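Hello,

Here is the structure I promised to pass on to you. Please have a look at it, and then read on for what I found.

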Amino acid sequence: MSKYVVACGIDFINRHMDMSPDKTIMQYSMTCKIWDGDFHHKIPRKHFAAHGDFKLTMKKCVMFPMFQELPQGPHDKCGHHYAICLDLKNQRFEVLDLMRSEADADLTTHVEYFINNLKETWNRHYENSRVQIGHFPIEYVATTKQGNWHDYGFHMLEYLAK
């Protein structure tokens, strides 16, 4: 499933599903800005606003859809979807991946890079907040591993919706 189709799915979930007000699902555009270290772009500024509906410090759970290109052969690349949850209630980061576990070096490198940038983004926007995430550990949530290479986007959308 392409990341554009997943982005449409996230938009549908955010607009049409009855979600808890304590939970926020970020769009891929936000994930990309954090990944790129573009901390002061208007997208992160909007979502990290210190007031209104987007005040992330008041949420229990902030979900980030992740996309990683995985080499499949000398000329092919396959995209893989997974999710990272900033669990403010339990003070941790949760990684939800149907294909890989903490033992996968490509996954842990990808996760750690994003989380370090997320921590930096948080510090820049919420440096005076009582809610700080710099000390949160990373937990790789045990999931039933998927047997094929094409349903990850769908299953990630299921995780985000639940």
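The protein has 5 helices and 5 strands, where helices (H or I, at least four residues) and strands (E, at least two) are DSSP runs numbered from the N terminus. In sequence order, the pattern is α-β-α-α-β-β-β-α-β-α.

Before the details, a word on the source. This is a predicted model, with local features needing pLDDT of at least 70 and side-chain atom pairs counting only at pLDDT 80 or more, while totals for chains, interfaces and linings use all residues. Residues are numbered from 1 along each chain as its sequence is written, and side-chain values use heavy atoms, with hydrogens and water left out.

Overall picture

Of the 162 residues in the protein, 43% are buried; here buried means under 20% relative accessible area, exposed means over 50%, and partly exposed is in between (1.4 Å probe, protein chains only). The protein exposes about 9100 Å², and carbon and sulfur atoms supply 50% of that area (Shrake-Rupley method, 1.4 Å probe; for residues, only the protein chains shown count as cover). Among contacts with a separation of 6 or more, 64% are between residues 24 or more positions apart, a contact being heavy atoms within 4.5 Å.

The cores

In soluble globular proteins, nonpolar side chains tend to be buried together. The largest nonpolar core in this model has 24 residues, and those with the most contacts inside it are Phe-64, Ile-84, Leu-86 and Leu-118. By nonpolar core I mean a set of buried Ala, Val, Leu, Ile, Met, Phe, Trp, Tyr and Cys residues joined through side-chain atoms within 4.5 Å. Two or more residues of this core come from each of helix 2, strand 2 (61-71), strand 3 (77-87), strand 4 (92-96) and helix 4. Helix 4 gives the largest share, 7 residues. A second, separate core has 6 residues, including Cys-61, Met-63, Ala-83 and Leu-96.

Neighbours within four places in sequence aside, Leu-86 is in contact with Lys-60, Cys-61, Val-62, Phe-64, Arg-92, Phe-93, Leu-118, Trp-122, Ile-133 and Phe-136. Ile-133, in the loop between helix 4 and strand 5 (138-140), counts as buried because its relative accessibility is 0%. With neighbours up to four places away again set aside, the contacts of Ile-133 are Leu-86, Leu-88, Phe-93, Leu-118, Lys-119 and Trp-122.

The C-alpha atoms of Ala-83 and Met-63 are separated by 6.9 Å, and the two are 20 residues apart along the chain.

Helix 2 against helix 4

How do helix 2 and helix 4 pack? Helix 2 (residues 28-36) and helix 4 (residues 105-126) meet at an angle of about 90°, and their axes are 8 Å apart. Helix 2 is therefore roughly perpendicular to helix 4; angles under 35 degrees count as roughly parallel, over 145 as roughly antiparallel, 65 to 115 as roughly perpendicular and the rest as oblique. Axes here are lines fitted to C-alpha atoms, for helices over the stretch in contact, and angles run from 0 to 180 degrees between N-to-C directions.

On the helix 2 side, the residues are Thr-31, Ile-34 and Trp-35, which meet His-110, Tyr-113, Phe-114, Asn-117, Leu-118 and Thr-121 in helix 4. By class, this contact has 5 nonpolar, 4 polar and no charged residues (Ala, Val, Leu, Ile, Met, Phe, Trp, Tyr, Cys and Pro count as nonpolar, Asp, Glu, Lys and Arg as charged, and the others, Gly among them, as polar).

Thr-31 counts as buried, at 5% relative accessibility. Beyond residues up to four places away in sequence, Thr-31 touches Phe-64, Pro-65, Met-66 and Phe-114.

Loops

Most residues other than glycine have a negative phi. Gln-91 is not a glycine, yet has a positive phi of about 55°. Gln-91 sits in the loop between strand 3 and strand 4 and is partly exposed, at 44% relative accessibility.

Met-58, in the loop between helix 3 (42-47) and strand 2, is exposed, with a relative accessible area of 60%.

Happy browsing!
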